[in-house]
Amino acid sequence: MKDTILKIGKHNFSSRLFVGTGKYQTFAIMEEALKASGAEVVTVAVRRANIGGKPGESLLDHIDTNKYTILPNTAGCYSCDEAVRTAFLAREMGISDMVKLEVLGDEKTLLPDPIDTLKATEILVKEGFTVLVYTSDDPIAARRLQDAGATSVMPAGSPIGSGQGILNQNNIRIILETLSVPVIVDAGVGTASDVCIAMELGCVGVLLNTGIAEAKDPVSMAKAMKLACESGRLAYLSGRIPKKLYAKASSPLKDF
Amino acid sequence: MLITVNDEQKECSPGTSIADLLENLGIDKRYVAVERNHKIIPRTQFSEIQLLESDNLEIVTFVGGG
């Protein structure tokens, strides 16, 4: 079965798995894992440059920007103002018009602050950013972010880095029914089946980081996530059978 | 003269440009963004803009993240 190209803003992707670059033990493992994941989009964070001591290696020396599309995030921002400022700084680095907007409510849950997320979305859309916005799985919040002009809405399956998978499939289903922009599950993925479920539900993609980076073998987990993403997508396109309460025999009924 | 870079006090000579400062600090200028007194400086102006006494600079880069 032939799949369509995934369009996000002006970008076209054939891979539907988006991966982060945080928490890897070494740049070499990260590079291998990115490759094994088949991802075309990788997320990065914006932080102060190290100005003391020896200059360290730069992350982007290990990511081929001709091969990967860079998606800077506003992780670690707890207000609209901070997130907008971070998005502008990221854009100034000159390699991406996209931003993964993340405005967090508190450090313990890392859940999004819905009010400031909406405000920041409105501002960044007006400023010409391609906004992919991290949100909770609340269908109303998701709709409001779409209405504010987000290019993609990215509900969390479960809290960031928790590995709990998709806790409320029904909410994701309602979001998918309600929204017309691409919906990408972002956060909470623990293992391959979580990716598969998101794709089977009809999400256009999945974004994850910790599930790969902190696996015992990140490179083989990256491959597992890739296969799960493709598998879930194919199952979605193929049209699953409805769930039934009672059995239905696969063999013909006995007739002799 | 004294300037502040990422909350640290630094000494630099008059006439130092942002590009000079980045070089002095050993920072790869390909992947940085700079704010001077809370205003983003376009990278095309790194060589032109000269720092002044008490300037407050914020230099950021990309790091691993999800």
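## Where the two chains meet

Arg85(A) pairs up with Glu35(B) in a salt bridge, with 2.6 Å between the closest N and O atoms. Keep in mind that this is a predicted model. In total, four salt bridges link chain A and chain B. As for the elements involved, β4 (41-48) and α2 (80-92) of chain A each bring at least two residues to the side of chain A that touches chain B. The largest share of that side comes from β4(A), with six residues. Sorted by class, the side of chain A that touches chain B is made of 15 nonpolar, eight polar and seven charged residues.

Polar contacts turn up here too: 14 residue pairs across the interface of chain A and chain B qualify, with both residues at pLDDT 80 or more.

How much area is buried between chain A and chain B? About 2500 Å², and carbon and sulfur atoms account for 61% of it. On the chain A side, the residues that lose the most area to chain B are Arg48(A), Ile51(A) and Met93(A), which together make up 32% of what that side buries. Counted by residues, the contact draws 30 from chain A and 26 from chain B.

How many disulfides does the structure hold over all chains? Take Cys80(A): the nearest cysteine sulfur belongs to Cys77(A) and sits 10 Å away, and Cys80(A) is in no disulfide. For a pair to count, the sulfur atoms would have to be within 2.5 Å.

| Residue | Relative accessible area | Class |
|---|---|---|
| Cys80(A) | 5% | buried |
| Cys12(B) | 9% | buried |
| Thr117(A) | 2% | buried |

The class follows from the cut-off, because buried means under 20% relative accessible area.

## A closer look at Thr117(A)

Where does Thr117(A) sit? Its place is in helix α3 of chain A, which covers residues 114-126. Thr117(A) counts as buried because its relative accessibility is 2%. A polar atom of the Thr117(A) side chain lies 2.5 Å from the backbone oxygen of Asp113(A).

Which residues does Thr117(A) touch, leaving aside its neighbours within four places in sequence? The contacts are Leu101(A), Val103(A), Pro112(A), Val133(A), Tyr134(A) and Leu145(A).

Note on methods
Residues numbered from 1 in each chain as written. Chains lettered and ligands numbered in written order. Predicted model: local features only at pLDDT ≥ 70, side-chain atom pairs only at ≥ 80, totals over all residues. Heavy atoms only, no water. Buried < 20%, exposed > 50% of the residue type's maximum accessible area, 1.4 Å probe, protein only. Contact = heavy atoms within 4.5 Å. Buried area = accessible area lost by both parts, 1.4 Å probe. Salt bridge = Lys/Arg side-chain N within 4 Å of Asp/Glu carboxyl O. Polar contact = N/O pair within 3.5 Å; in protein donor to acceptor, adjacent residues only side chain to side chain. Helix = DSSP H or I, 4+ residues; strand = E, 2+ residues; numbered from the N terminus. Nonpolar A, V, L, I, M, F, W, Y, C, P; charged D, E, K, R; others polar.
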